[in-house]
Amino acid sequence: MADPQAAFLDAVRIGYPALTLGSFLFLLVWEGDRRSGFVPRRARHVLRNLALFAVMVVVADGLVGGVVLGIGRHLFDVPRGLLTPLELPLAAMVVAGVFATDFASYAFHRLSHRWRELWLFHAVHHSDPQLDATTGLRFHPIDMAFYVASVAGTLVALGIPLWVEGVRALILNPLSMAQHANVPWPAWVERYFAWLLVTPAMHRVHHDADAPGIDANFGQVFSLWDRLFGTYRAPGAADPPRIGVPALAADEWQTLSGLLLTPWRARSLEI
Ligand SMILES: [Zn+2]
C-alpha cells in the first residue's frame, strides 16, 4: 500500500512543473502565432521575465518558504488553530483551506496596492509594458516571499495543514499565465467561467495604468472576493488603453537587474 503522503508529494513534484511548463509552451506557441513579426523583442521579454521567475522560485519558495519557514518539514503537521474544534472531515478542510488562502491572497494583494512599502515590490509585476503569459510569472522575489508567508500564516492560524496549499498551487501558474496571455480567448471563457474564476479579461482590467482599473479586480483564483468586497469591475470590450506603470516602462527597468532593483531605485519616483 503506497504511503498517501509520499504519493501526494510525488503528484505535486511532477504535476507542478509539468502543468507550469505545459501551459507556458502552449501559450507561447499560441502567442507566437499572433506576433511573428516581433520575434527578437518578444524573446528578450520572455527571457527576462523567466529569469526573474527563476530567481523568485529560488528565493521565495526555496530560501524563505523552504529554509526560513520550514514549509517542507512541516507540510503534513496538523496545527492547532481556529477551525480545530470543528474537527472537519478531510474534504471540508481542503475546501476551507483553498478558499481561505485565496481570500488571503486577495487581501494581501489589496494591501500591496495600499501600502507603499509593499507596492514598490508589487510594482515589478505591474511594470510590464506588454502583457503575455510570462507576465503571470513575473513577481519580485520579496513580493512573493511576503505572499508565501501570508498564505502559510493563514493556514496555520486556521489549523489547516500546509500541504493543502499544494492543491491550489497546482493550478496557480497555469491560471496566472492564462490571465495575462496575449491570445484571443474565445467568448465562452468569459461566459462560462466569470461567475467563478478570475478570467483573463477581468484580470487585464487590473493592469490598467490608471484608476479605476488598477484599483479593481484583485482576486487570484475566485472572482467571489472582488464581488463581495466591492472591488469588482466588469471588463470592457477591449483592454485598457494604457497598460503598466508608465514611469517604469523604459528598458533600464526591464532588465533582470532593473527588475530586481526597482523597489529601491523607484523609491523616489511618484509611482
Ligand atoms: Zn496588483
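Biologist: How do the residues of the lining of the second largest pocket divide into nonpolar, polar and charged?

Modeller: In this lining, 15 residues are nonpolar, two are polar and five are charged. Nonpolar covers Ala, Val, Leu, Ile, Met, Phe, Trp, Tyr, Cys and Pro; charged covers Asp, Glu, Lys and Arg; the others, Gly among them, are polar. This is a predicted model, where local features need pLDDT of at least 70 and side-chain atom pairs pLDDT 80 or more, while totals for chains, interfaces and linings use all residues. Numbering starts from 1 along each chain as its sequence is written, and side-chain values use heavy atoms, without hydrogens and water.

Biologist: How much space lies in the second largest pocket?

Modeller: About 380 Å³, taken as the space filled by probe spheres set on grid points joined across faces, edges and corners. A pocket is an open set of points on a 1 Å grid over the protein atoms alone, where a 1.4 Å probe fits, with protein on both sides within 12 Å along at least five of seven lines; lining residues have an atom within 4 Å of a point.

Biologist: What about the largest pocket, and how much space does it hold?

Modeller: About 1200 Å³. Asp61, Tyr147, Glu165, Ala169 and Leu172 are the closest to its centre, out of 45 lining residues. Here α6 gives the most, with nine residues. By class, the lining of the largest pocket has 24 nonpolar, 17 polar and four charged residues.

Biologist: Now the metal: which protein donors does the zinc ion have?

Modeller: Donors are N, O and S atoms within 2.8 Å of the metal (3.2 Å for Na, K and Ca); with no water among the atoms, sites may look incomplete. In this model, the NE2 atoms of His109, His113, His122, His126 and His206 lie 2.1 to 2.2 Å from the zinc ion. Along the chain, their spacing is H-x3-H-x8-H-x3-H-x79-H. His109 in helix α3 (residues 90-114) and His206 in helix α8 (residues 200-206) are 97 residues apart, so this pair links distant parts of the chain.

Technical notes. Helices (H or I, at least four residues) and strands (E, at least two) are DSSP runs, numbered from the N terminus. Buried means under 20% relative accessible area, exposed over 50%, partly exposed in between (1.4 Å probe, protein chains only).
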